[in-house]
Amino acid sequence: SQKPDLVVLVGDNLTSALNARRTKQFGKLMEELGVYWTLVLGNHEGDNAASISRQRMIDILASYPHCLVEKDIKTTNSGEMVWGVGNHVINLLDAKGEIRQSLYFIDSGDEMTKEDIERYKEEIEATNKKKYDYIKDSQIQWYQETVSHINEIAKKTVKSVVFSHIPLVEFNTAYEKAMAGDAEAELLYGTKLETVCASGHNNGFFDVIHDFGSTQAFISGHDHVNDFAVKYQGIILAYNQNSGYSSYNVVTKKISDTLIQGYTVYTIDKDGGLTMQPYRNADLYPGLQEAILELYQ
């Protein structure tokens, strides 16, 4: 119904021990739609002992003509390998071929290594006690260098959006400040229906994107029933609307009897401005909801 120019998935979409087959099935489905699409992996892609590797999943998906994810490992200007799989940037051009917006897709991994857990033990214990992974220093360096290079080509600061599965620590800070009426944070829409499961280690990426002045929004997945967007210090921190019906949801968590699955539409205007609009299937297709809800009862 939307006929989008680009479909973006932000992880936890292809899970279980059978995900080699699922990955190929999903790629074929997306190709049948005939639209461009790309993704970042979630922490549940590859967390099953019998799963294919995260790199293998990216290799399979990158082979489909309309999939814009890149399977090569990036390097920084100094030659350092950039951590993660599927890191890439897509530049949106206007009719004159000038860059109007950059879309960054950054792998946030799954779980911290034992070494990281030990290294950041005190910080983890002092914050949310979560051992989820985080965007690494090499990725931040790649982001900084890529932003600078694109700005140099465009001869201006090009606006951008970052998509990454695991939210930044600032998601929770921003939401709490918005709820407290702090002028620094504004709730745009949605609700926090579960804990913000950011990494227990703050990688400092929010401060980097704030200082660089390019990125206007950071879009996350991970927390399946959070669907809020907060503008914090001039940057939108938002969850992509949950689309899948197979994982936990507000009904199975006994939070609500109305499902929140749907999608978010991101619109980039000719000047690089961003507007966001979430949609829920329950509102779009009310006649189907009773049968779907019966599956959870």
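A95 sits in the loop that runs between β3 and β4 (99-105), where strands (E, at least two residues) and helices (H or I, at least four) are DSSP runs numbered from the N terminus. With a relative accessible area of 89%, A95 is exposed; here exposed means over 50%, buried means under 20%, and partly exposed lies in between (1.4 Å probe, protein chains only). Between A95 and P167 there are 72 residues in sequence and 34 Å in space, C-alpha to C-alpha.

This is a predicted model, in which local features need pLDDT of at least 70 and side-chain atom pairs count only at pLDDT 80 or more, while totals for chains, interfaces and linings use all residues. Residues are numbered from 1 along each chain as its sequence is written, and side-chain values use heavy atoms, with hydrogens and water left out.

**The largest pocket**

- The volume of the largest pocket is about 1,700 Å³. A pocket is an open set of points, on a 1 Å grid over the protein atoms alone, with protein on both sides within 12 Å along at least five of seven lines. A volume is the space filled by probe spheres set on the points, which are joined across faces, edges and corners.
- Which residues lie nearest the centre of this pocket? They are V7, V8, L9, S243 and Y263, out of a lining of 50 residues; a lining residue has an atom within 4 Å of a point.
- Five elements each supply at least two residues of this lining: β1 (6-9), α1 (19-33), β3 (88-93), β5 (160-163) and β10 (262-268). The most comes from β10, with seven residues.
- By class, the pocket lining has 25 nonpolar, 20 polar and five charged residues. Nonpolar covers Ala, Val, Leu, Ile, Met, Phe, Trp, Tyr, Cys and Pro, charged covers Asp, Glu, Lys and Arg, and the others, Gly among them, count as polar.

**The cavity**

- There is one cavity of 30 Å³ or more in the structure. A cavity is a set of grid points where a 1.4 Å probe fits but cannot get out.
- The largest cavity holds about 80 Å³ of space. Its lining has 13 residues, and the closest to its centre are Y134, P167, L168, S199 and N203.
- Six nonpolar, five polar and two charged residues make up the lining of the largest cavity.

**Salt bridges**

- How many salt bridges does the structure hold? The count is ten, each a side-chain nitrogen of Lys or Arg within 4 Å of a carboxyl oxygen of Asp or Glu. Side chains of opposite charge can pair when their charged atoms come close.
- D227 and R280 meet through their side chains in a salt bridge (2.5 Å, N to O). D227 lies in the loop between β7 (215-220) and β8 (229-232) and R280 in strand β11 (residues 274-280), so this pair ties together parts that are 53 residues apart in sequence.
- D227 is buried, at 3% relative accessible area, whereas R280 is partly exposed, at 27%.
- The closest N and O atoms are 2.8 Å apart between E70 and K74, and 3.1 Å apart between K74 and D72.
- E70 is partly exposed at 30%, and D72 is partly exposed at 42%.

**Backbone angles to look at**

- Most residues other than glycine have a negative phi, and most peptide bonds are trans.
- D12 has a positive phi, near 60 degrees, and is not a glycine. D12 is placed in the loop between β1 and α1, and is buried, with a relative accessible area of 15%.
- K155 is a residue other than glycine with a positive phi of about 60 degrees. Look for K155 in the loop between α5 (137-154) and β5, where K155 counts as exposed at 73% relative accessibility.

**A nonpolar surface patch**

- L284, Y285 and L288 form a nonpolar patch on the surface, and together have about 270 Å² of accessible area. Patches are made of residues with over 30% relative accessible area and no salt bridge, with nonpolar side chains (Val, Leu, Ile, Met, Phe, Trp, Tyr) joined within 5 Å and like charges within 9 Å. Accessible areas come from the Shrake-Rupley method with a 1.4 Å probe, and for residues only the protein chains shown count as cover.
- L288 belongs to helix α9 (residues 286-294), and is exposed, with a relative accessible area of 51%.
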